[in-house]
Amino acid sequence: MIFSLCLFCQESVESAEFLEPTTSIQTKSNQKSYVSINCNVNNAQIFINGIYQGLSPLKIYDLVPGFYFVQIRKNGFKTKNLQIFVRQNVNTEYFVELEQAFGFIKINNLLPNAIVKINGNEFSKDLIRLPVGAYQVFVCAFGYDDFSKTVLVTENAQTQINPVYNQAKFEIKDFRVSRKIINPLTKTSISKTDVSFFVTAPGFAEILVKNDENQLVNQKTFESFSTWNQNWTWTGTDFSGKILPNGEYKVILQAADFYKEIAVKIDENLSIPKFSYTPAGIGIGSLPIAFAFEENYVKSFLSTGAIFNLKDKNNLIYAIPVNVGAVFNFLNYMELGFSAGFYAATTEEKIPFMLNTSLKFHNSYKISENSNFSYGALVRYGLNTKNESGLGTGLLFSYEYKKLLAGISSQFVFFANDDWNSKDANILKNGFALSYEINDFVNLNAWINWHTSFLPKSQNHPVKNAFDAGIETNVILGNSPCILNAKVSPFFAKDEIYLNSSITLSYLF
């Protein structure tokens, strides 16, 4: 024991650096003094003169005044050898910065275009510097089975790996299309579908597109593969580039031992839902609308604008609302939406916040080639400090003919809290909206929404009325799935007039 301690002290003296304390505090003679050692990482092992004391952060009491040799160890970090001086009746605190220790993995005989994956991260070189520790290493080369090995990286050393390359059997996996319904006439993101699949080795395959009469209308041949992921975009056209008529088509992927088909529909009535977000779901202005979109989608959005108090000339700008949220349309008849936001630059003493969530069920009935009737029901809940709070439910109806859509909605909100009425009131909202699609990229909307508030019986005025109306436009930005919405709407209540304006940028996934 004495011999090992002497060896430790000799090695420590040679490599130790003197550590200055971060703080030193004089204590009374009758008080216990201590030495505190802390590190940038917790649970580092601390040795003093070769004897283990504990894990960082650590306080050690009643050390005899004098010089001490301190060693700090932590897996994955360089060992630190230090020298400290302990003074009588002084509390001394030290902070030690441990450096992460590194080593190397060397991949021998790495093939061109091979990919090295280490704990999920990709590398394309054969010498990789990493913190010390255990790693799962994969070497992936096209046409060969993946090679894997678990290795330990040690400090300042190279861990050698010699991959074994076994030729892979040709297989096709993950055949899919990005959209199952397209409209080639729109020239937007819904005008095409991306066909993709994964192969394991060089080989031959072809994509066939057939109509409902099993006639071949388009084809893509892959004569030789040199990488894993394969893609082809079908724009709803035939061999000559002519847009095909409405109907069901089969997209077929076939190879020597593989055959699979996916149905894709061409529908010239399909369009990107160019509608805005309301606290009760997708709609026009402040009104939720029944609108059945045949494709599942996710729509995220960011909105801001200004609310003007037209009755208060001294504080014309009442607030600048900021909202973020998303809408999920799934199973072709369900829509789940949520949003969160706050009022910036408000004249209120406290910054109001807004939280909304909604669930809408909708369906559509095709009346003729150019007209549809949609209907739906919703439930929503708002937890807000200013308005649109409460639990609500409603019914929705709309009729669409070519480029024109007309919709009505009726909502009843329980225990609402709006600026223009009292808390815990019930509000009936009835509204009417129109939408006209100018072209594939732009529409113009207008709406009016009547609010009837039924106040508690204890108040003198049992009924209050208000309404909002406005116009908005939605613009698809080029061929992207981004939609820009701009709206303006006045809100009229007794002795109050507000003008709401907003700009919203949404992205359709």
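**Entry 1: a pair of strands**

I started with strand β20, residues 205–210, and found six bridges joining β20 to β21. The two strands run antiparallel. I noted that this is a predicted model. Next I asked which residue is the bridge partner of A205 in β21. The partner is F222.

I reminded myself how such pairing works. Strands of a sheet pair through backbone hydrogen bonds, either parallel or antiparallel.

**Entry 2: the sheet around that pair**

I then looked up the sheet that holds β20 and β21. The sheet is open and has five strands. I wrote down the order as β18-β24-β23-β20-β21. The pairing in this sheet is mixed. Which strands lie at the edges? They are β18, residues 181–182, and β21, residues 216–222. Each of these edge strands pairs on one side only.

**Entry 3: a hairpin**

I moved to strand β4, residues 45–48, and strand β5, residues 51–55. They pair in the antiparallel sense, over four bridges. I looked for the residue opposite I48 and found I51 in β5. Two residues sit between the strands of this hairpin. I checked the backbone there too. N49 takes a positive phi, near 50°.

**Entry 4: one asparagine**

I picked N91 and located this residue in strand β9, residues 90–96. Is N91 buried or exposed? Its relative accessibility is 11%, and the cut-off for buried is under 20%. N91 therefore counts as buried.

I also looked up what surrounds N91. Leaving out residues up to four places away in sequence, N91 touches T23, S24, I25, T27, K32, S33 and Y34. I followed up on Y34. The side chain of N91 reaches the backbone nitrogen of Y34 at 2.9 Å.

**Entry 5: the largest pocket**

My last search was for empty space. Rolling a probe the size of a water molecule over the atoms shows where such space is left. The largest pocket has a volume of about 890 Å³. I found 39 residues lining this pocket. Closest to its centre are N269, L270, S271, N372 and E400.

- β31, residues 353–368
- β32, residues 371–382
- β33, residues 390–401
- β34, residues 404–416
- β35, residues 425–437

Which element gives the largest share of the lining? That is β31, with four residues. I sorted the lining by class as well. It has 14 nonpolar, 14 polar and eleven charged residues.

Methods:
Residues are numbered from 1 along each chain as its sequence is written. This is a predicted model: local features need pLDDT of at least 70, side-chain atom pairs count only at pLDDT 80 or more; totals for chains, interfaces and linings use all residues. Side-chain values use heavy atoms; hydrogens and water are left out. Two strands pair if DSSP finds at least two bridges between them. On a 1 Å grid over the protein atoms alone, a cavity is a set of points where a 1.4 Å probe fits but cannot get out, and a pocket is an open set with protein on both sides within 12 Å along at least five of seven lines; lining residues have an atom within 4 Å of a point. Grid points are joined across faces, edges and corners, and a volume is the space filled by probe spheres set on the points. Ala, Val, Leu, Ile, Met, Phe, Trp, Tyr, Cys and Pro count as nonpolar, Asp, Glu, Lys and Arg as charged, and the others, Gly among them, as polar. Buried means under 20% relative accessible area, exposed over 50%, partly exposed in between (1.4 Å probe, protein chains only). A polar contact is a pair of N or O atoms within 3.5 Å; within protein, one must be able to donate a hydrogen and the other to accept it, and residues adjacent in sequence count only if both atoms are side-chain atoms. Contact means heavy atoms within 4.5 Å.
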